[in-house]
Amino acid sequence: MESGWDQTLDRIGRVTAPTALAVLLLLLASASAPIFSSDLPSVNVALLSILFWSLHRPDAMPAGCAFGLGLLEDLLTGGLLGLNAVTLLLAHLAIVGQSRLLMAQSFLGVWAAVAGVAFAAEALRLILHILLADGGPAIAEAIMRALAAAAVYPVFAFVMGRIDHRLFGSEPA
């Protein structure tokens, strides 16, 4: 039988694991960017993490964590401070706001919603970058980033679903 202290540590670990995993993935993606630089679009792992965990474990990925993850991404990429923070926060709110509807959908329905939010997030990033900075990335780059996020989501969701199952004992997503 576990003591109260062990149970408390276990609960804290389970609740913080999704955010810690998202931070780790963001750090790995940022560190590997120069190594794997090519003409392929980068996958926004922060956005994918927010979309998955906000839907499946909103208690473990609250709005503050989404905002903080976006700030970290802004700092790591050297982009406009707050741009990714606002984008990830709004993506989180969009998913949490529709979570009841999305959880009743098949995986294809969830995938379509994730793709829609990914396109909306990239469009918002593009518009905010154009408004707040001198110019911005090309529209094609934003579209390719959204397509990359949508294309990678099934594999990402499979892996995160297994992690979710291990951490929380729920059925894999």
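**Close-up 1. Leucine 102 is buried, with a relative accessibility of 7%.** Why does leucine 102 count as buried? The cut-off for buried is under 20% relative accessible area, so at 7% leucine 102 falls on the buried side. This is a predicted model, by the way. Leucine 102 sits in helix 5. Leaving out residues up to four places away in sequence, leucine 102 touches Leu55, Ile95, Val110 and Ala113. Glycine 13 is another story: 89 residues separate glycine 13 from leucine 102 in sequence, and their C-alpha atoms are 27 Å apart.

**Close-up 2. Helix 4 runs from residue 83 to residue 97.** Which residues of helix 4 are buried? They are Leu83, Asn84, Ala85, Thr87, Leu88, Ala91, His92 and Ile95. Their cover includes helix 2 (45-56), helix 3 (63-77), helix 5 (99-103) and helix 6 (107-132).

**Close-up 3. Helix 2 packs against helix 4.** Their axes are 9 Å apart and meet at an angle of about 30°, which makes helix 2 roughly parallel to helix 4. The crossing of helix 2 past helix 4 is right-handed. On the helix 2 side, look for Ala46, Leu47, Ile50, Leu51, Ser54 and Leu55; these meet Leu88, Ala91, His92, Ile95 and Val96 of helix 4. Sorted by class, this contact of helix 2 with helix 4 has nine nonpolar residues, two polar ones and no charged ones.

Terms used:
Residues are numbered from 1 along each chain as its sequence is written. This is a predicted model: local features need pLDDT of at least 70, side-chain atom pairs count only at pLDDT 80 or more; totals for chains, interfaces and linings use all residues. Side-chain values use heavy atoms; hydrogens and water are left out. Helices (H or I, at least four residues) and strands (E, at least two) are DSSP runs, numbered from the N terminus. The expected span of a helix is 1.5 Å times one less than its number of residues. Buried means under 20% relative accessible area, exposed over 50%, partly exposed in between (1.4 Å probe, protein chains only). Contact means heavy atoms within 4.5 Å. Axes are lines fitted to C-alpha atoms, for helices over the stretch in contact, and angles run from 0 to 180 degrees between N-to-C directions. Angles under 35 degrees count as roughly parallel, over 145 as roughly antiparallel, 65 to 115 as roughly perpendicular and the rest as oblique. A crossing is left-handed if the near helix is turned anticlockwise from the far one by less than a right angle, and right-handed if clockwise. Ala, Val, Leu, Ile, Met, Phe, Trp, Tyr, Cys and Pro count as nonpolar, Asp, Glu, Lys and Arg as charged, and the others, Gly among them, as polar.
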